[in-house]
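Hello,

Here is the structure for your files. My notes follow below it.

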Amino acid sequence: MQLVLEKRAERSNTIALISPLIAIGLTIVTMVILFAILGKNPLLALHAYFIAPLTDGYSLQEIAVKATPLVMIAIGLSLCYLANAWNIGAEGQFLVGAVAGSWIAVKTQGSDAGAWVLPAMLVLAAAAGALYALIPAICKVKFGASEILTSLMLVYVADLFLDYLVRGPWRDPNGFNFPTTAEFDPVATVPLLIEGGRLHLGSIIALLVVAAAAILLGRTIKGFEIRVVGAAPRAARFGGFNANQLVILTFAVSGALAGLAGIIEVAGPVGHLQPGVSPGYGFTAIIVAFLGRLNPLGILIAGLFLALTFIGGEQAQIAMKIPLDVTKVFQGILLFYVLACDSLILYRFKLVFPSRQVTRGAG
């Protein structure tokens with residue numbers, strides 16, 4: 001008897017629908033085992049991760065704050081992935097957008113600049129993220145370079161460039177030698193939605209991005225083109241769709257959304273530019289995109305779920321002394337199970353029994 005993977009005659013829509021739920025269930029089972037190995041009560045740990053943050057108003061705001069960049073970046077990545085263009089460098093585009101937008105905040109610091117500052121920061125950040133994303137896109141289209149490698153390597157360039165700025169020319173002279181810029185002026189910060197909390201206007205922008213993506217993919221020719229080029233490249237060529245132009249477009253949109261998320265994070269919850277401004281939003285957004293089935297509404301739900309793990313991880317660290325890195329382990333295991341379960345959409349397990357051959361001798 002042998003267990004083999006057999007290709008399905010057609011795609012299983014049922015498995016496609018329940019695959020994320022299976023992946024989440026398997027991840028939770030794995031984390032229970034991990035908590036037990038760490039000597040922690042698994043039930044209390046799961047309560048700290050997934051229940052406790054939902055019972056406190058401030059934690060609910062924090063979940064929305066964390067979900068904002070995740071959802072915005074994941075929406076852009078989903079457009080790339082649907083078009084079969086693999087942008088892995090959203091983290092770098094996030095950082096470049098944060099740097100570009102912060103340039104205006106730093107240059108207008110203490111100058112009594114008007115209300116134009118924040119809109120200009122948002123526009124410049126989106127433009128910078130788009131231009132940075134175009135580097136791997138153009139390398140792919142013109143030279144056939146792998147966009148996976150080039151976009152990933154550019155993450156480190158952006159990270160080191162940000163580090164240089166906050167340790168050098170942009171360092172706050174009154175910041176006790178810490179690698180950070182001065183606090184942004186009020187005109188350079190994202191307005192809060194709830195007094196006394198951290199929920200800000202960026203969350204509304206993220207919802208608008210989700211709505212725009214849903215309309216784009218479901219109601220426009222360009223959305224149809226994105227889906228056809230990714231799902232059936234040969235049919236797309238016969239239909240006159242230009243795959244190279246779509247790579248450029250989707251990378252630019254993805255980079256713009258990542259850059260916009262970067263400056264919203266810096267000008268919102270953080271209030272200044274510093275190293276480590278991102279806890280890995282660009283990489284976590286990849287999980288969000290796939291967990292959400294590359295669907296805008298699904299991405300919104302997945303973004304809130306992954307944000308819950310961030311906040312839950314912080315609470316588990318405080319209440320149960322569970323290392324914060326366990327949250328990254330959770331997210332990595334979740335991505336593994338999502339990709340593994342997705343293989344069952346096109347394949348299925350089958351038991352194969354080897355046939356016995358009876359050899360008869362000559363009489």
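Leaving aside neighbours within four places in sequence, which residues is Y347 in contact with? They are L5, E6, K7 and R8, where contact means heavy atoms within 4.5 Å.

On sources: this is a predicted model, in which local features need pLDDT of at least 70 and side-chain atom pairs count only at pLDDT 80 or more, while totals for chains, interfaces and linings use all residues. Residues are numbered from 1 along each chain as its sequence is written, and side-chain values use heavy atoms, with hydrogens and water left out.

Y347 sits in strand β2, residues 347-352 (helices, H or I of at least four residues, and strands, E of at least two, are DSSP runs numbered from the N terminus). Y347 is partly exposed, at 32% relative accessible area (buried is under 20%, exposed over 50%, partly exposed in between, with a 1.4 Å probe and protein chains only). Y347 and A9 are 338 residues apart in sequence, yet 8.8 Å apart in space, C-alpha to C-alpha.

Q93 belongs to helix α4, residues 90-107. Is Q93 buried or exposed? Q93 is buried, because its relative accessible area is 1%.

Regards
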